[in-house]
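This briefing covers how two ligands are held by a protein. Please look at the sequence and the structure below before reading on.

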Amino acid sequence: MPTESAIGADQSGPAKRLTVLSGPSGVGKSTVVREIRERHPEVWLSVSVTTRPPRPRETDGVEYHFVTDAEFDRMIAEGGLLEWAEFAGNRYGTPRAPVEERLRAGVPVLLEIDLQGARQVRENMPGAFHVFLAPPSWEELVRRLTGRGTESAEVVQRRLDTARVELAAEKEFDRTLTNTSVEDVRDELLALILAPQM
Ligand SMILES: Nc1nc2c(ncn2[C@@H]2O[C@H](COP(=O)(O)OP(=O)(O)O)[C@@H](O)[C@H]2O)c(=O)[nH]1
Ligand SMILES: Nc1ncnc2c1ncn2[C@@H]1O[C@H](COP(=O)(O)OP(=O)(O)O)[C@@H](O)[C@H]1O
């Protein structure tokens with residue numbers, strides 16, 4: 001079985017098809033990912049584990065696997081997470097085995113994770129391609145995050161504080177896509193996921 005670093009380091013194998021999507025809370029990552037899930041089953045979307053409670057209209061096993069703190073602790077202890085991070089008071093992580101299985105089989109894999117997780121993937125899997133989803137403007141980001149209406153004012157403020165840090169990290173990414181039109185971003189992202197990546 002290839003090691004974690006061997007998967008990422010193998011520039012000739014299917015591991016080049018690991019794509020990471022990051023960007024500030026509210027920019028539209030989940031919306032773009034939902035479009036890809038519904039229209040492009042050829043791309044495999046990693047389903048993260050999280051200790052955050054489900055939002056209305058989220059289904060366990062679809063957007064996330066919703067787990068307890070104890071279950072999350074156990075996954076860390078067993079080495080079952082490829083990466084994980086704490087974000088706005090909750091923990092999120094990528095289950096390792098399903099990602100490695102798909103990459104070995106040559107299936108394109110998309111991870112939607114935060115900046116801290118993206119940095120861990122960059123460190124451990126150097127073959128991954130990193131895409132930053134940017135808002136058209138700061139005002140529009142605030143509008144989207146507030147307009148979604150799924151978080152309290154306090155949580156929105158916390159996410160906006162984090163968003164400033166995330167926006168400053170854009171240059172770490174291989175490519176920026178600006179989310180003006182969801183359909184345009186979906187098509188551009190799909191092209192990057194399916195293209196042979198340098
Ligand atoms: N590191 C890491 N971050 C994740 C993972 N899954 C989701 N996230 C990120 O956690 C942050 C919060 O996600 P969520 O609570 O769903 O809020 P939303 O992205 O604003 O809809 C976002 O930046 C996600 O990209 C994961 O497995 N690992
Ligand atoms: N291109 C877009 N134009 C206008 N609104 C958008 C666009 N993309 C997403 N949204 C809206 O912005 C809000 C935040 O999007 P979401 O996908 O939940 O963001 P994220 O997953 O990055 O936190 C949602 O209400 C969503 O409908």
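The points below describe the surroundings of each ligand in turn.

The model is predicted, so local features need pLDDT of at least 70 and side-chain atom pairs count only at pLDDT 80 or more, while totals for chains, interfaces and linings use all residues. Residues are numbered from 1 along each chain as its sequence is written, chains are lettered from A and ligands numbered from 1 in the order in which they are written, and side-chain values use heavy atoms, with hydrogens and water left out.

- Ligand 1 takes up the space of the largest pocket. A pocket is found on a 1 Å grid over the protein atoms alone, as an open set of points where a 1.4 Å probe fits, with protein on both sides within 12 Å along at least five of seven lines.
- A molecule sits in a pocket if more than half of its atoms lie within 2 Å of the grid points.

**Ligand 1: contacts**

- There are 19 residues around ligand 1, and S48, R52, Y64, Y92 and E112 come nearest; a residue is near if one of its heavy atoms lies within 4 Å.
- A nitrogen atom of ligand 1 has a polar side-chain atom of E83 at 2.7 Å. A polar contact is a pair of N or O atoms within 3.5 Å.
- Polar side-chain atoms of Y92 and E112 each lie 2.5 Å from an oxygen atom of ligand 1.
- On its own, ligand 1 has 570 Å² of accessible area, of which the protein covers 98%; such areas come from the Shrake-Rupley method with a 1.4 Å probe.

**Ligand 1: shell**

- The shell of ligand 1 holds five nonpolar, six polar and eight charged residues. Asp, Glu, Lys and Arg count as charged, Ala, Val, Leu, Ile, Met, Phe, Trp, Tyr, Cys and Pro as nonpolar, and the others, Gly among them, as polar.

**Ligand 2: contacts and cover**

- Ligand 2 has 13 residues around it, with G26, K29, S30, T31 and R148 nearest.
- An oxygen atom of ligand 2 is 2.5 Å from an N or O atom in the side chain of S30.
- Backbone atoms also take part: a polar one of G28 is 3.0 Å from an oxygen atom of ligand 2, and a polar one of T180 is 3.0 Å from a nitrogen atom of ligand 2.
- The protein buries 75% of the 570 Å² that ligand 2 exposes when taken alone.

**Ligand 2: shell**

- Three nonpolar, seven polar and three charged residues make up the shell around ligand 2.

Key. Polar contact = N/O pair within 3.5 Å; in protein donor to acceptor, adjacent residues only side chain to side chain. 1 Å grid on protein atoms, 1.4 Å probe; cavity = no way out; pocket = protein on both sides within 12 Å on 5 of 7 lines; lining within 4 Å.
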